[in-house]
Amino acid sequence: MQKVCLTVNGREVSAEIDERTLLLEFVRDVAGLTGTHNGCLEARCGCCAIEVDGDVVKSCNVLAVQVDGAEVTTIEGLAPQRLAPVDHITTQSLAGMYRPLEAVRGTPEDLHPVQSAFHRCHAVQCGFCTPGMVMVLKDYLEENPEPTRDDVRRAIAGNLCRCTGYQHIVDAAMEAAAEMRGDPVPEGAAHAMTAAVDGG
Amino acid sequence: MRPFTWLAPDTTEEAVALLREHGTGARVIAGGQSLLLAMKERTVGPSHLVSLGGITGLARVTTEPDGALVVGAATTYAALTRAALPGWHGVLSDVAGDLADRPVRNRGTIGGALCAADPRFDVPALAVGVDAVLRISGAAGDRTLPAAEFLRGNGITAIGPDEILTAVVLPPLPAWDAVVFEKFRHRVFDAAIVSATCALRRACDGTPAAVRVTVAGATATPVVLDVDAAATAADAADLAAASFHPDATDEPTRYRRELVRTLVRRTVDRAHTQQGSA
């Protein structure tokens, strides 16, 4: 057994764990944050991507003991208001949560720009790959604010999506990039038009 | 995964002492991107893991007074991608930035790739291609070894059970005027099926004085071909293809042979046209 202490989304989490515990298991089972998904467990699908000290990694291929003392950000850490646990779901709380698509923008009160772009562009179908996609794209767009559609496809090469065919995910990444740069975000179905024109 | 004991030394000497103490059951772990995959499948089950993560100085990129580039073994691909390396040394950044995928590049290390000695990995191929030298620390003292002698087979290296690879040393910029790396893979994040490296040095009048063509992926270890400096790209490609299992007619071998031919032609062609960068 080994004592490991991590800062997960600003909260200190420490535990005595088996040395074999993967970072993914630490985040899900010890920190209790199940937004990070266990997809393939062999560093292929990217559903478990999280940030460790500012760099995105596949948490299924990292031991928790390897990153002892690190700052970890998971998908839950991107949207501060979702950190407060909802222990009682009512019609009212749901009505408060779901606002018209147009109203959701990437602000600290709402969602991270990547998340809100995913929302607007319908880049989510079953949603299993989404946390990993969002974490990798956030890391990528912070480093490359002006990507081409091809760049985005290369950035998410290590993230598999079995539903969307990636088209809407790339749309969302382009919108998120624009929003993160501070450019005006295209309205309505404009992104669908661009996608059709450039074929990718 | 089989149970193991976690050891996190602060210095290379401590790490070597731990390896010596725990014998052949102990393994070195840097980023763990290859080792952990194997451990999860239980194809390896070390009794002790000695982590290089806590050793400062192993992830540094420095230049020697003679111009040689010393890359710490625990330097990640991502760090290499971001490093602004001059001249042909920049090929290391290009190669490191175009393998696996973004999250894996943030953990995977150059030394890990060499010690994994997977024939499909790019870094061992490039290290042999530019005639890099590896620095190894061990209980019996430090030693250096050319990359070509370090790689002994698929997953087999010349490193001893109580030794640690500490750095990869690329020769100084004047050693080559152009270095070109090409590879083929089906999907962007796949390991290469075949890769080729061409390192070229020019004479004063601009004609090629020395050419080093290395092919990897098709064989257990990278193969350095005996190519004449004056050979054209097409000649080098034919020579490379002819030296790769010339008698085999099965499809996988023929497929790889054509890849060898194409990639060697491309690298030599590109090296010939590339301007001197030193």
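Biologist: How is chain B divided into domains?

Modeller: In this predicted model, chain B has two parts: domain 1, made of 5–51 + 59–170, and domain 2, made of 176–273.

Biologist: How far apart do the C-alpha centres of the two domains of chain B lie?

Modeller: The C-alpha centres of domain 1 and domain 2 of chain B are 24 Å apart. For the boundary itself, turn to the contacts, counted where C-beta atoms placed from the backbone lie within 7 Å. On that basis, 22 residues of domain 1 of chain B contact 20 residues of domain 2 of chain B.

Biologist: Which elements give two or more residues to the side of domain 1 of chain B that touches domain 2?

Modeller: They are α4 (90–96), α7 (122–129) and β8 (151–153) of chain B. The largest share, six residues, belongs to α7(B).

Biologist: What is the make-up of that side of domain 1 of chain B by class?

Modeller: It has 13 nonpolar, three polar and six charged residues.

Biologist: Now the chains. How many residues of chain A are in contact with chain B?

Modeller: Chain A contributes 24 residues, in contact with 20 residues of chain B. On the chain A side, β4 (55–58), α4 (130–143) and α5 (149–155) each supply at least two residues.

Biologist: Which element gives the largest share of the side of chain A that touches chain B?

Modeller: That is β4(A), with four residues. By class, this side of chain A has 12 nonpolar, five polar and seven charged residues.

Terms used. Residues numbered from 1 in each chain as written. Chains lettered and ligands numbered in written order. Predicted model: local features only at pLDDT ≥ 70, side-chain atom pairs only at ≥ 80, totals over all residues. Domains from an automatic or database assignment. Contact = placed C-beta atoms within 7 Å. Nonpolar A, V, L, I, M, F, W, Y, C, P; charged D, E, K, R; others polar.
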